[in-house]
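Please keep the sequence at hand while you read.

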Amino acid sequence: MGSDQLAELSRLLYFPTTLMLYLGASVVYLYALTTTVGRTDQRERGRLAQRLGGILAVLGITAHVAHEIFRGLAQDRLPLGNMFEVTSLMALVGVVVGLIHLQFVRRRPELNGFVLLGGALVLGMAMLMYAEPGPLMPILDTWWRPFHVSLLVGAMGVFAAAFVFNALYLLRDTAELAVAAERSRSGGGSTVGAAYVGDVSDGSVTEPAADPPTSSSGSSGDGAELDPDDEREHAELLAYHRALRRGVPAVKLAIGTFLGTALVSWVWLVTADTWSAGLGRFLTVNLTMVAAALVARWFVPFLPPTATMDGLAHRTTAFAFVLWTVGTIAGAMWAEVSWGRFWGWDPKETGAFLTWIAYAGYLHARATRGVKGRGAAWIGVAAFIVLMGTYLIANYVIVGLHSYADL
Amino acid sequence: MPESALPPQQNPPVRRRRAAPSGPVAFVWESVLLGWRWLARMRTALYLLLALAILSIVATAVPQEPNVPSTVTTWREGEAGPGVGVSRVLDAIGAYDVYGSAIFLAVLLALYISLTACLIPRIKAWVRLVRRSQPPVVRHLGAQDERTDFVTDRSPAEVRAAAAELLGRRRWRVRRHDANDADPRPDQVAAEAGLWAREGGSLVFHLSFYVLLAAIVLGQLLTFEGQRGVVEGDPGFRDTAVSYWAYSPGRWFGEGDHQGWRLELERFHVDWVRDPLAPGAGQPTVFRSDVRVTPADGEPFDAVIDSNRPLNLDGTRITQLDWGYAPRVVVEVDGEVVHDTFLTPVITDGGFFRGAVKAPAADPDVGLDVFLYPFAPDGEDGRPVPTGAPWADAPLLVFQQFRGDLRLGATQQTINELDVEALTSQGFGALRLGQSMELEGVTITFPELRRWVGYQVSSRPQVPYLLFGSVLLVVGLLGSLYAYRRRLWVVTMEDGAAPRTLVTVAGRSFQRPEAFEEEFADLVAELMAATGGAPAAPHPDPDPQTPTATPAVETTR
């Protein structure tokens, strides 16, 4: 097979194969998540769905790895030479590490869907910077490059997973706080035990009565055979779910996500060749993120307890921080060899420094007693904005020494 | 009668507390104390880090004088950038040299004082902890996170000995406790691990910043950096203070510290992907110098300098920085050669190389503004068509000729730029390789084209120390994130009903409960294997008299 065919094959493996498999697996996993809190008769389908999601995810990862291998063969070098390749590998690392961590270490496979969704989003973003396979500049042709670049790319992937956990934590926490506030208004003013409406049976919550549960029972075939107690519990559960979703105002979330993404995606707006192309990319990225946020909002009731997501965000960030630190030091060592100076405040170096400071701030905030939970999660989100912002700015806006590699 | 019941005037005179010292000295001292306490807060450190981040953003957005002085000049003069007014403000706050500005140094100093203020009590506490702390003996096991019970035929003492041996082998701090009248807590082996590693790792991580700072400061003093361009086949240059084009020694780097070797460039190899349709078209594929080095007292030898393989001469490092074509330009005025050297023009954004000929030997001075297009093949009409391609297959030398006063020495100018203030243009010319032309009585010849390479010569004795600091940083970081402090108790009790021992293993972890869960299961399995234990239902509390309200563990936090 010639290198042209290999390149073509690797492109097809990337899009549509890998992207579609990730998206499909993510949808199936997310469906499975909705069944974990539902009635018992749905759980079996949920388990089946989870298995299907697992198969799709493994296929997707296989296709992704095959894409990387074929791309590497087509250009006869490691696929870590430009921004597309780095972003694509970042998605692969994020998905693989995230899935293994959730599946085998934390044993929370129900969250796999979010990791896959994040992976699909990063893959899609990489499409915006697609580059045909090509040779490498001589200065990049050294073992330092895979060492330095893959560490940082791995760190970026894991930081992305941590961002997903932080965002989910904030969604769930906001929803729970809103429900608690609502209950304290309608109930006796106490927020103790407000996490779950279903445990209150005195009817102080008015929503279950207002929404008869008939619409949902039609969906399952043997719903009629359920005993009335179970049915009532189910209705209360659905009401609680609605209350949780109501707790996160959709419009506010959409606007917030749009503006938050815009903090990073303005780079496309200003650096594209034409206004319309820039606006197109800007809107694509922003609206995709808004759509992802709205999907996540719909899944808020099925999310695990906030403490789980908080812990996941912390552990993944800590791991990525170590990778980032070592990768940056390796970069400084390479710069000393290659450019004759170890640190020169090149835009990329400044970006790495800023990201390091941002995540160090997050870890310090977690370590002290002052900032916990929401505060720390917001710092984590801000740190990810710093990471993505410096990554794009240093590649597109401010041209420094690193940019001749377009990476 | 108690004193307090007396009427106030009969109370014995209360000894006045010595009045707080006042006056300027006390004021200064109190201010220092206040500042110290403020700096010791974590929140302050985070604000200072934020300030550092903002400064580095400023330094990225605004051109920095040490790196790109010419851009800064254009900003100052209003030719580029936000204008003269804003430029004055930028100058006033030191934004053109952020990393040398007072603000940056002040933030850095405050950050280090803050770090010190934060670390001193932590180090004290850590030393106390490591020296004095011993595993606490547990009263009852109900409140622990992890708990497993098993039964065994061995005697309680044997089980405890086995547990102590097992934990000791795994480097836990072990403390044995036998119940007695004074202390009725049950027979047990108490153990603790990860006591010093987590906080210790965090301390090492933070202390590594002092190592890094010391190395950087040391580097500022001892380092040396110089740049020099060398044309292929030229005699090259010698490592002395005067031979560099750009020269920045550290304060303690004396002229005698130069090693005095000579570097000659024999051949420079550079090539590109020339097929415009191939992937990566125009990218360089080779970038290598074959050089000859003559040490101050030794035989010359050949060496290769590649992109990622600088030449190392006793701690001095020679790196390829940039390169260009070096056209030899001969200028004759009235039959007399006034200029015959290789130029070292630098590449521009347009893909051509720009340099200058300065011939003060002529009267009046001759100056040429030189543009070299490496690949400008003849078009259909026979006129050269300049392209942006960098390979020298059809080099074309275009120049603008000036006469007048070059103002050499009067103004600051680089070797590739003319100061045209006092010069008069006499027209343009274009030459192919080997051609010659006459313009207003001046003959210009372009007989030869070579290449030149800009080398950076640097000596950085601080690098090993920086590396050491980095290793400390990573090791400390790993410890502070992944070490976890945990406690374990193995409580034994004789079974009243049968000749066997009831063993309860319990433990808790201060961090990373999920990691401890696995370790705990592992330890229990090993202990059961060592003592031939069999799983059992949870035993009753070994010491039922103990009130359950007693806290299980005296926490140290």
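Q: Which ring does A:R245 lie over?
A: This is a predicted model, in which local features need pLDDT of at least 70, side-chain atom pairs count only at pLDDT 80 or more, and totals for chains, interfaces and linings use all residues. Side-chain values use heavy atoms without hydrogens or water, residues are numbered from 1 along each chain as its sequence is written, and chains are lettered from A and ligands numbered from 1 in the order in which they are written. A charge sits over a ring if NZ of Lys or CZ of Arg is within 6 Å of the ring centre and within 35 degrees of the ring normal. At 4.3 Å from the ring centre, A:R245 lies over the face of A:W298.

Q: Which residue has its charged end over the ring of B:Y484?
A: The ring belongs to B:Y484. The charged end sits 4.3 Å from its centre and comes from B:R486.

Q: Is B:D334 buried or exposed?
A: B:D334 is in the loop between β11 (316-333) and β12 of chain B. Its phi is positive, about 55°, although it is not a glycine. Buried means under 20% relative accessible area, exposed over 50%, partly exposed in between (1.4 Å probe, protein chains only). With 71% relative accessible area, B:D334 is exposed.

Q: What is the omega of the cis peptide bond that joins A:F15 and A:P16?
A: A:P16 lies in helix α1 (residues 3-36) of chain A. Most peptide bonds are trans. The bond joining A:F15 and A:P16 is cis, with omega about 10°.

Q: How far apart in space are B:V337 and B:A362?
A: B:V337 belongs to strand β12 (residues 336-342) of chain B. It is partly exposed, at 45% relative accessibility. B:V337 and B:A362 are 25 residues apart in sequence, and their C-alpha to C-alpha distance is 8.8 Å.

Methods
Helices (H or I, at least four residues) and strands (E, at least two) are DSSP runs, numbered from the N terminus.
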